[in-house]
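Open the model in your viewer and keep the sequence panel beside it. The stops below say what to select and what is there.

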Amino acid sequence: MDVYLPGTGGAQIHDLNPTQFPPVGLFWTVPIPVGGVQVDLDNGKASMQASKVPIFDYGTLQNATSIGSSPPPTPGWVSFKVIWQGGTASMPVNSTDPTKGIFSGTFASCMAQIEWQAQAGDFSFESDPLETSSSTFAEIGQEMNGSYLTV
Amino acid sequence: MSTNLPRRKLGFGALGATLLGSAAAAQDDDNPRERKRQLLWTFAPVPVTAAPGNFLHVFGGPGEDNSTISNFKGSIGSALINGNVTRTKTKTGQQDYFPFINANMRFMTGMFKGTDGQEHPGTFAFV
């Protein structure tokens, strides 16, 4: 979650992500219970929710990825619910470009919304309701990569 | 100091993987038995390979691999979402209202081959 000061060009003031510094292994990625994700590709929708995922607040993305200690990350947690809907036209994607990742799949563009809560250090966070959020990019689909591409 | 670098523009670097699910997992107060079954891993997923010249293994966005896990086969959702959040300073109760911008949220659910070379089911959130 990237929180900014209001206004155009407002500085980032919170960067909440689940990866310790330096970022290694699965980046910003954590396992969640299988029941936390519901997928209905036939109807172009999906949802994801999780409760109290451990995170760190690095303040800024730059601090999270390249500095790590300015300011020192503050541990906390985040809970969230995300929905994807309106994905009706799946398109095949086959990428052999290493700058985009090598994978194959089908994806449908759609819209997504989120509501979330978090706590880190001296702050708690409560987003506006899910329906007030909007996506600039969203897609759902199926894919395979790595060794599955050669099977 | 701030940056507006979109997360989805970051590249990747496979920097090694030692993710123990039991340590990093989200809580599931509703189904602790399922959580226990899911997350006591003795292996680790393999991060996707870095794009040339990049050190972080994060693709994402239209036409790019939105999986952070290599050797993965399954369903994926990815999004950049904007909205507003109320921040409360817990010691004083002071509240402020801020935008959150391009929250990069993803799920990956399906099968993957871990560092043990074996196939496993897994469900992951990119936060």
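Start with Pro71(A), which sits in the loop between helix H1 (61–67) and S6 of chain A. Helices (H or I, at least four residues) and strands (E, at least two) are DSSP runs, numbered from the N terminus. The peptide bond that leads from Ser70(A) to Pro71(A) is cis, with omega near 0°.

This is a predicted model, in which local features need pLDDT of at least 70, side-chain atom pairs count only at pLDDT 80 or more, and totals for chains, interfaces and linings use all residues. Residues are numbered from 1 along each chain as its sequence is written, while chains are lettered from A and ligands numbered from 1 in the order in which they are written.

Now select Phe21(A) and Pro22(A). The peptide bond from Phe21(A) to Pro22(A) is cis, with omega near -5°. Pro22(A) lies in the loop between S2 and strand S3 (29–31) of chain A.

**Strand S2 of chain A**

Five of the six residues of S2(A) are buried; a residue is buried if 20 or more other C-beta atoms lie within 10 Å of its own, exposed if 12 or fewer, and partly exposed in between, with C-beta atoms placed from the backbone. Which strand pairs with S2(A) over three bridges? Strand S1 (residues 2–4) of chain A does, in the antiparallel sense; two strands pair if DSSP finds at least two bridges between them. To see this pairing, select Tyr4(A), which stands opposite Gln12(A) in S2(A).

S2(A) is also joined to strand S5 (residues 45–57) of chain A by two bridges, and these strands run antiparallel. Here the bridge partner of Asn17(A) is Phe56(A) in S5(A). While in strand S5 of chain A, find Lys52(A). Lys52(A) is not a glycine, but has a positive phi of about 55°. With 16 other C-beta atoms within 10 Å, Lys52(A) is partly exposed.

Select strand S9, residues 111–120 of chain A. Eight of the 10 residues of S9(A) are buried, so the strand is largely enclosed by the rest of the structure. Strand S6 (residues 74–85) of chain A is joined to S9(A) by 10 bridges, and the two run antiparallel. Val78(A) has Ala118(A) in S9(A) as its bridge partner.

S9(A) and S10(A) also run antiparallel, joined by four bridges. They form a hairpin with two residues between them, and Gly121(A) in the turn has a positive phi of about 60°. Ala120(A) and Phe123(A) are bridge partners here.

**Across to chain B**

Stay on Phe123(A) and look for Lys89(B) in S3(B), which stands opposite. Strand S10 (residues 123–127) of chain A pairs with S3(B) in the antiparallel sense over five bridges.

Next, show the whole interface. How many residues of chain B are in contact with chain A? There are 78 residues of chain B in contact with 76 residues of chain A, where contact means that two C-beta atoms, placed from the backbone, lie within 7 Å. S3(B) gives the largest share of the chain B side, 18 residues. The predictor gives the complex an ipTM of 0.96 and a pTM of 0.85.

Select Val127(B). Leaving aside neighbours within four places in sequence, Val127(B) is in contact with residues including Trp28(A), Val53(A), Val78(A) and Met105(B).

**Chain B**

Color chain B by element: there are two helices and five strands, in the order α-α-β-β-β-β-β along the sequence. Of its 127 residues, 46% are buried. In strand S4 of chain B, find Asn102(B). Phi of Asn102(B) is near 50°, a positive value in a residue other than glycine. Asn102(B) counts as partly exposed, with 18 C-beta neighbours inside 10 Å.

Chain B averages 74, and 61% of the residues score at least 70. Where does pLDDT stay under 50? One such stretch is residues 1–25 of chain B, and another is residues 34–40.

Definitions and conventions. pLDDT is the predictor's confidence in each residue, from 0 to 100.
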